[in-house]
Amino acid sequence: MTEASTAHTMSELQKQWAKARLGSQALGQPPTEIPTATTMPEFNEADEDKEMAGPSPGGFPFDDDSSSASSVSSTGTVIPSPGRALFARPQGFASRSMDPIPWTTYFERELFLKKETGSESGSSNESGSITYHAYLTSPVGKGPLFVTHHGAGSSGLSFAVLSSEIRKRLPNAGILSLDARGHGSTTVTAASSVSGEEEETTGQAPSPLDLSLSTLATDLFTVIQLTRAAMHWPELPSIILVGHSLGGAVVTELAKSYRLGPSLLGYAVLDVVEGCAMDALQSMQTYLSTRPQGFASLKDGIDWHVRSRTIRNSTSARTSVPGLLAPVEELQRFQPQQLPRGGAGTEGTAKPWRWKTDLAATQPFWEDWFVGLSKKFLEARGGKMLLLAGTDRLDTELTIGQMQGKYALQVFPEAGHFIHEDLPEKTAIALVDFHRRNDRSQLVLPPKVSDLLAQGKRV
């Protein structure tokens with residue numbers, strides 16, 4: 001076929017299409033599309049994302065951090081339909097729920113454990129009481145008890161989703177997750193020995209509140225003992241301590257003291273290393289100055305944690321963020337003389353949900369939390385595991401210890417700082433495997449030689 005005949009044929013096709021188009025418009029019918037060699041189906045981005053991501057665990061939306069989950073490689077050209085907004089946000093994202101998930105979804109009960117404070121605290125002018133708040137799912141039979149301690153500014157709900165994943169793999173396990181003093185719903189009542197007046201504080205801690213590492217470790221030990229008494233356990237179950245960030249330093253301090261005795265099987269530290277932590281403290285005030293001081297609603301607070309990728313799993317954010325925020329009125333009721341930042345004026349009215357814990361006020365304790373952490377981690381008794389979001393966080397001392405096989409190391413590079421919230425399933429698998437490696441109840445020892453000889457057996 002010559003070029004002239006080809007051009008003539010294409011011209012005839014164009015004329016036929018033009019006539020058909022004009023005819024259909026005259027009859028009020030929709031225009032006919034230009035015939036092409038191949039027909040390309042309409043591309044639906046929401047459906048494509050849904051097919052790629054697959055169903056999320058537990059029926060809740062999950063935020064995938066991998067770039068491959070949100071991008072498609074194509075050698076063709078995608079032609080959008082005329083009625084579609086090219087730059088509209090995918091419908092799947094817009095419909096994502098940010099409703100809070102109640103703690104009862106993950107724990108059996110909450111505990112309020114009161115302890116009087118006074119002369120034993122080491123301060124002659126300090127007296128009053130502290131009411132520890134904790135979440136508990138009791139172990140079944142001889143099952144272990146995972147005791148968790150959150151990081152600075154978080155709460156016991158930080159481990160809620162993780163606790164569910166642990167129970168899926170180890171159904172007889174128990175989980176005890178406390179709110180540290182100055183955090184969550186744990187309250188401290190200070191009574192002046194002179195005036196007899198009491199002042200109750202919760203959440204945003206006043207400057208006199210003692211948040212030293214030794215005090216926090218004693219609090220953790222006290223909560224374990226008070227829980228045993230409240231639940232009428234004849235003895236402590238086998239315990240695995242799990243601490244994130246500051247909580248990692250607390251569980252290491254408690255493990256090194258050996259106050260739990262043979263009940264302690266081991267301890268796991270999540271994403272905290274002495275050298276890296278000390279470096280991060282230099283920029284902590286800058287970070288605190290850039291995060292929002294409050295939110296218009298609890299849903300807005302959850303949404304900010306997800307969008308800022310502070311917590312990369314929306315299910316975890318919907319569960320743990322409600323433990324971090326409280327209405328201004330509630331905070332004022334416990335601290336009438338100290339308003340939360342921005343608590344007064346139009347800004348406080350527009351954003352009534354504020355942080356329970358004033359992290360900036362804890363600065364005097366920051367260095368005390370992490371100095372000497374690596375050495376204590378390696379020297380404390382019991383099995384040891386370190387979970388990190390990247391190997392770059394290892395300092396020299398821990399690198400040498402890992403090469404010598406002194407502890408187990410797991411690295412989750414796809415997670416952020418909140419490893420257990422970003423990847424609760426993978427964290428649960430690591431912790432359950434860690435328990436099984438250190439579980440003495442499954443250990444079968446060979447018979448002693450003396451026993452064999454006493455039985456008249458030849459050795």
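Trainee: With which residues is Gly 243 in contact, leaving aside its neighbours within four places in sequence?

Mentor: In this predicted model, Gly 243 is in contact with His 149, Gly 248, Val 251, Ala 268, Val 269 and Leu 270. Each of these pairs is called a contact because the term requires heavy atoms within 4.5 Å. Gly 243 itself has its place in strand 7. A further relation is given by C-alpha atoms: those of Gly 243 and Asp 271, 28 residues apart along the chain, are separated by 9.1 Å.

Trainee: On what basis do these values rest?

Mentor: Local features need pLDDT of at least 70, side-chain atom pairs count only at pLDDT 80 or more, and totals for chains, interfaces and linings use all residues. Residues are numbered from 1 along each chain as its sequence is written, and side-chain values use heavy atoms, with hydrogens and water left out.

Trainee: Why is Gly 243 called buried?

Mentor: Its relative accessible area is 0%. Buried means under 20%, exposed over 50% and partly exposed in between, with a 1.4 Å probe and protein chains only. Gly 243, at 0%, therefore falls in the buried class. Over the chain of 459 residues, buried residues make up 43%.

Trainee: What makes strand 3 mostly covered?

Mentor: Five of the five residues of strand 3, residues 145–149, are buried. Leu 145, Val 147 and His 149 point one way, while Phe 146 and Thr 148 point the other way. Strands (E, at least two residues) and helices (H or I, at least four) are DSSP runs numbered from the N terminus.

Trainee: How do you know which strands pair with strand 3?

Mentor: Two strands pair if DSSP finds at least two bridges between them. Strand 3 has four bridges with strand 4, residues 174–179, and five with strand 7, residues 239–244. Both counts meet the rule, so both are pairings. The sense is parallel with strand 4 and also parallel with strand 7. Val 147 stands opposite Leu 176 in strand 4 and opposite Leu 241 in strand 7.

Trainee: What makes strand 9 and strand 10 edge strands?

Mentor: The open sheet of three strands has the order 9-11-10, with antiparallel pairing. Strand 9 and strand 10 each pair on one side only. Three bridges join strand 10 to strand 11, and the bridge partner of Ala 326 in strand 11 is Arg 354. Strands 9, 10 and 11 are also among the elements that cover the buried residues of helix 9, which are Leu 298, Gly 301, Ile 302, Trp 304, His 305 and Val 306.

Trainee: What lines the largest cavity, and why is it called a cavity?

Mentor: On a 1 Å grid over the protein atoms alone, a cavity is a set of points where a 1.4 Å probe fits but cannot get out; a pocket is an open set with protein on both sides within 12 Å along at least five of seven lines, and lining residues have an atom within 4 Å of a point. The largest cavity has a volume of about 50 Å³, and the count is two cavities of 30 Å³ or more. Its lining includes Val 269, Glu 274 and Phe 377, and helix 14 (residues 373–379) gives the most, three residues.

Trainee: How large is the second largest pocket, and which residues lie nearest its centre?

Mentor: Its volume is about 910 Å³, where volume is the space filled by probe spheres set on grid points joined across faces, edges and corners. The lining has 41 residues, of which Ser 245, Met 284, Tyr 287, His 417 and Phe 418 lie nearest the centre. Helix 7 supplies the largest share, four residues.
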